[in-house]
Amino acid sequence: MLRPLFLVFAVSVLLAACGDAPPAKLNVGDPAPAFAAARLDGSTARFPADFAGRPLVIRFWADWCKFCEGEMKAIDAVYRRHRQEGLEVVAINAGQDKATVAAFVNKIGIGYPTLLDEDAAIARRYGVAGLPTTYFVDRQGRVQAKQLGEATEALFEQRATELLR
């Protein structure tokens, strides 16, 4: 029982204490911060350049997060239904190494890209204070919605549909 609470506390401290600047206060309507991150295949994903003009779901997660696995599968179902319409999704792992991330992603079998944020710098730029956290970014690169904590496939479907309009 204490292990999950300790892990949540440890990541919260990592996200809040690392770096010189306090965590960002990213709100709906704000431009999503730019980032570059390694994919599991070794290539680099760059936002906004690689996603210009397309709606993007940015999902922050870790393998110890008890809600992340189910939600990542739910997001995958929505992604598979809407990717031909231009929906993009990235799962940014906050604070874990490549081997841990790859093992988890292989276990759950998601089809969207996974990015590494081993020092949680991107998570800090986005103001992530707990996991899971998901941002819904429109075609112009602005945050249209932010989901803190657990959400259903129906909610992801609704938000994806709104982004695609």
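## Layout and packing of the predicted model

In this protein, residues 24 or more positions apart account for 71% of the contacts with a separation of 6 or more. The model is predicted. Its secondary structure comes to five helices and seven strands, and along the sequence these follow the pattern α-β-β-β-α-β-α-β-α-β-β-α. The protein has 165 residues, of which 44% count as buried.

In soluble globular proteins, nonpolar side chains tend to be buried together. Here the largest nonpolar core has 50 residues, and the members that touch the most others are Phe35, Ile58, Phe60, Met72, Tyr126 and Tyr135. Helix H2, residues 68–82, supplies the largest share of this core, with six residues.

Phe60 shows what such a position looks like in detail. Setting aside neighbours within four places in sequence, Phe60 is in contact with Ile92, Ile122, Ala123, Tyr126, Val128, Leu131, Pro132, Thr133 and Tyr135. Two of these partners, Leu131 and Pro132, are joined by a cis peptide bond with omega near 0 degrees. Pro132 lies in the loop between helix H4 (121–125) and strand E6 (133–137).

Another cis peptide bond links Phe47 to Pro48, with omega about 15 degrees. Phe47 belongs to strand E2, residues 44–47, while Pro48 sits in the loop between E2 and strand E3 (56–61). With a relative accessible area of 5%, Phe47 falls under the 20% cut-off and is therefore buried. Its contacts, not counting residues up to four places away in sequence, are Ala32, Pro33, Ala34, Phe35, Leu56, Tyr126, Val137 and Gly141.

Ala120 brings in a backbone feature of another kind. Most residues other than glycine have a negative phi, and most peptide bonds are trans. Ala120 has a phi near 60 degrees, a positive value in a residue other than glycine. Ala120 is in the loop between strand E5 (114–117) and H4, and is buried, with a relative accessible area of 0%.

Strand E5 also contains Thr114. Thr114 counts as buried because its relative accessibility is 4%, under the 20% cut-off. Leaving aside neighbours within four places in sequence, Thr114 is in contact with Ala38, Arg39, Leu40, Trp61, Ala91, Val101 and Val105.

Two packed helices are described by the angle between their axes and the distance between the axes. H2 and H3 (residues 98–108) pack at an angle of about 60 degrees, with their axes 11 Å apart. That angle makes H2 oblique to H3. The crossing of these two helices is right-handed. Where they meet, Glu69, Met72 and Lys73 of H2 face Phe104, Lys107 and Ile108 of H3 in contact. By class, this contact has three nonpolar, no polar and three charged residues.

Notes: Residues are numbered from 1 along each chain as its sequence is written. This is a predicted model: local features need pLDDT of at least 70, side-chain atom pairs count only at pLDDT 80 or more; totals for chains, interfaces and linings use all residues. Side-chain values use heavy atoms; hydrogens and water are left out. A nonpolar core is a set of buried Ala, Val, Leu, Ile, Met, Phe, Trp, Tyr and Cys residues joined through side-chain atoms within 4.5 Å. Buried means under 20% relative accessible area, exposed over 50%, partly exposed in between (1.4 Å probe, protein chains only). Helices (H or I, at least four residues) and strands (E, at least two) are DSSP runs, numbered from the N terminus. Contact means heavy atoms within 4.5 Å. Axes are lines fitted to C-alpha atoms, for helices over the stretch in contact, and angles run from 0 to 180 degrees between N-to-C directions. Angles under 35 degrees count as roughly parallel, over 145 as roughly antiparallel, 65 to 115 as roughly perpendicular and the rest as oblique. A crossing is left-handed if the near helix is turned anticlockwise from the far one by less than a right angle, and right-handed if clockwise. Ala, Val, Leu, Ile, Met, Phe, Trp, Tyr, Cys and Pro count as nonpolar, Asp, Glu, Lys and Arg as charged, and the others, Gly among them, as polar.
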